[in-house]
Amino acid sequence: MNGAVVFRASVPGGLWLDGADACRRDFALRPVSGADEMFLLDSENAALPGERATALLDRCLVGADGVAARLSIGDREALLLQLRRMTLGDHMDCTQICPEPDCAERMEFTLSTTQLLHAPYEHSRPEHDLKDVEDGHTYLARFRAPTVDEVDRAARVARVDPERAGAELLRCCVSAITRDSVNVGLDTLPSPMLKRLDAAIAEIDPQAETELALTCPACGVAFSATFECAAYFLSELAARTRHLLHDVHTLASYYHWSESDILALTPGRRDRYIAKIAESLSGA
Ligand SMILES: [Zn+2]
């Protein structure tokens with residue numbers, strides 16, 4: 001069974017433990033099983049993509065219940081890249097449509113999960129400071145990267161009120177603001193400083209957003225595109241799940257096994273039984 005195989009996986013940011021001056025970067029992951037794929041199928045309409053990626057990771061993290069929600073988005077991406085590698089291999093076939101309206105070439109290229117992984121960040125503590133002078137005042141903002149849970153919650157709020165979602169997420173990340181050494185609220189920050197703060201929050205977790213530099217082979221235009229492992233991997237698993245339902249139906253009809261027994265098989269073992277059935281049906 002897949003559940004018996006456990007791999008070591010590491011993250012670039014890490015989970016800062018209360019009162020500790022070091023963070024946990026190593027975790028144990030098991031590959032995605034048929035039961036996980038069924039879980040994703042069942043949650044398709046009930047949960048947002050980010051929430052489903054977090055739930056999948058929580059199922060596959062071994063001995064770390066509830067940890068996925070406390071990681072940064074970059075750490076979730078890093079673990080999903082490694083989960084993808086141990087489940088389906090390192091190479092990911094991607095397509096991208098050229099943004100030039102007159103061209104619209106469908107480009108095909110391959111990415112490697114290993115190459116997309118960042119080295120461990122050199123942060124010595126979970127919180128960071130941004131100091132800046134604006135309108136003759138010295139501002140100091142203390143901030144950290146948002147957690148997966150905070151971003152997932154913001155994505156839900158953003159469906160009805162994107163502006164409120166952004167403001168709430170920023171409030172989660174900022175623990176203190178001072179103006180000339182006096183504590184002030186976040187709404188006191190001048191907008192140029194707010195922009196710099198947004199950029200600084202993104203900079204401390206670069207694994208959260210992967211920008212690909214691409215050149216269209218047909219028209220030669222150079223452009224950038226964002227790659228999100230969470231979205232890519234979920235869509236890949238959704239395509240596999242359509243096969244899985246068919247496989248469960250075939251195996252249950254032929255061998256009269258239960259759904260849970262069939263889902264406990266590795267995909268390779270499942271494929272071999274399906275091939276056996278096809279063999280015996282064609283020989284009959
Ligand atoms: Zn083009």
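**Exercise 1. Find the spacing of the zinc donors along the chain, then work out their geometry**.

Solution. Start with the sequence: the zinc donors follow the pattern C-x4-C-x112-C-x2-C. A donor here is an N, O or S atom within 2.8 Å of the metal (3.2 Å for Na, K and Ca); water is not among the atoms, so sites may look incomplete. Next, name the donors: they are the SG atoms of Cys98, Cys103, Cys216 and Cys219, lying 2.3 to 2.4 Å from the zinc ion. Finally, check the angles: the 4 donor atoms subtend 106 to 112° around the zinc ion, so the arrangement is tetrahedral (four donors with all angles between 85 and 135 degrees). For comparison, the ideal angle for four tetrahedral donors is 109.5 degrees.

A word on the model: it is predicted, local features need pLDDT of at least 70, side-chain atom pairs count only at pLDDT 80 or more, and totals for chains, interfaces and linings use all residues. Residues are numbered from 1 along each chain as its sequence is written, and side-chain values use heavy atoms, with hydrogens and water left out.

**Exercise 2. Decide whether Cys98 and Cys103 are buried, partly exposed or exposed**.

Solution. Recall the cut-offs: buried is under 20% relative accessible area, exposed is over 50%, and partly exposed lies in between (1.4 Å probe, protein chains only). Cys98 has 4%, so Cys98 is buried. Cys103 has 25%, so Cys103 is partly exposed.

**Exercise 3. List the contacts of Leu61 beyond its neighbours within four places in sequence**.

Solution. Look for heavy atoms within 4.5 Å, the cut-off for contact. With those neighbours set aside, Leu61 touches Phe27, Ala28, Leu29, Val67, Ala68 and Leu79.

Notes: Four donors count as tetrahedral if all angles lie between 85 and 135 degrees; four count as square planar and six as octahedral if opposite donors are over 155 degrees apart and all others between 65 and 115; anything else is irregular.
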